[in-house]
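Subject: Handing over the structure

Hi,

Here is the structure I promised to pass on.

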Amino acid sequence: MNIAIIGLGIIGGSFCKAIKKYTDHHVIGVNRTLSVARQALAEGAIDEIGSAETLGKADVMILCMYPQACVDYIKENGKYIDPHTIVTDSSGIKSAICPQLSALAREYGFTFVGSHPMAGKEKNGFDVSEAELYRGASFLITPCGADEESVNVLAKLAEDIGFGMVKITTPEEHDRMIAFTSQLPHVLACAYVLSPSCPNHVGFSAGSYRDASRVANINSELWSELFLENRGPLMAELEELNENMTRLYQAIRDNDREHLAQLLEEGHRVKAALGE
């Protein structure tokens, strides 16, 4: 297939490198900054540098930009997309943009299937992209009314480049679960390192600090968009967290060892039951 990757940051660049390494597909790279596309071409991550006018030959198009930027790109360039093309995004939210992209698909005649690769790093940009980024990761698909064949094409591509699981879901379930598994940990990490104790951690910290603070190295522009676009599910998770934190705070404040141990054991049992 001809596969067009729009946006050559860590996600798009890793798609390019994985597709080139593990498949025989032809990769077309499109990037706002031309020097990055030239770098990708020189490194063999793409087969050609594309433009809006060359989108018509793509069998699959993967949008690897900020959520609303994906929508804006299709609004601007949808007229160049061939009706046979399967267009997917890689956004960490779905309810806010899938209806818009589905409507644009109906307007321009192509097929839209939402997707989200559950992988990444704390750093961004093409330079940190890698062919192995997706090895063993989950690939979430929100069909959004697309035909089964198109969904299967994306699922097969995901499996070919190393994803360990393909999970079909809805935009609503996606956003509800991502609020818990991805967004809440980023909120926690940022809140944690805002402590005035953080700058003095060297020499006093080990694995616990590293694990709890790792994702605080955050792309603030991207994640603020993700948080606000998904604020309903995220607020529900924050309210649950606040309630649990309050229970622990009160037990410690009241010097109630029995209640504190009970709460800690509840957490232990949940984690142990998951076998992780």
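First, some ground rules. This is a predicted model, where local features need pLDDT of at least 70 and side-chain atom pairs count only at pLDDT 80 or more, while totals for chains, interfaces and linings use all residues. Residues are numbered from 1 along each chain as its sequence is written, and side-chain values use heavy atoms, with hydrogens and water left out. Helices (H or I, at least four residues) and strands (E, at least two) are DSSP runs, numbered from the N terminus.

Let's start with the cores. A nonpolar core here is a set of buried Ala, Val, Leu, Ile, Met, Phe, Trp, Tyr and Cys residues joined through side-chain atoms within 4.5 Å. Buried means under 20% relative accessible area, exposed over 50%, and partly exposed in between (1.4 Å probe, protein chains only). The largest nonpolar core has 33 residues, and Ile5, Phe15, Ile62, Ile161 and Phe163 touch the most other members. At least two residues of this core come from each of β1 (2-6), α1 (10-22), α2 (34-42), β4 (60-63), β8 and α5. The biggest contributor is α1, with 6 residues. There is also a second, separate core of 21 residues, and Val30, Leu63, Cys98 and Leu101 are among them.

Strand β1 holds Ile6, which is buried at 1% relative accessibility. Leaving out residues up to four places away in sequence, Ile6 is in contact (heavy atoms within 4.5 Å) with Val30, Leu55, Met61, Ile62, Leu63, Cys64, Met65 and Tyr73. For a sense of scale, the C-alpha atoms of Ile6 and Ile252 are separated by 51 Å, with the two residues 246 apart along the chain.

Now the helices. Axes are lines fitted to C-alpha atoms, for helices over the stretch in contact, and angles run from 0 to 180 degrees between N-to-C directions. Under 35 degrees counts as roughly parallel, over 145 as roughly antiparallel, 65 to 115 as roughly perpendicular and the rest as oblique.

The axes of α9 and α10 come within 8 Å and cross at roughly 150°, so these two helices are roughly antiparallel to each other. On the α9 side the contact is made by Arg247, Leu248, Ala251 and Ile252, and on the α10 side by His259, Leu260, Leu263, Leu264 and Glu266.

The other pair is α6 and α9, which pack at an angle of about 60° with their axes 9 Å apart. That makes α6 oblique to α9. In α6, Asp175, Arg176, Ala179, Phe180, Gln183, Leu184, Val187 and Leu188 meet Pro233, Leu234, Glu237, Leu238 and Leu241 of α9.

Also in α6 (residues 171-193) is His186, which is buried, with a relative accessible area of 12%. Its contacts, not counting residues up to four places away in sequence, are Val215, Ile218, Trp223 and Phe227.

Most residues other than glycine have a negative phi. Cys144, although not a glycine, has a positive phi of about 55°. Cys144 sits in the loop between β8 (138-142) and α5 (148-160) and is partly exposed, at 30% relative accessible area. Asn255 also has a positive phi, near 55°. Asn255 is found in the loop between α9 (231-253) and α10 (257-273), and at 70% relative accessibility Asn255 counts as exposed.

Cheers
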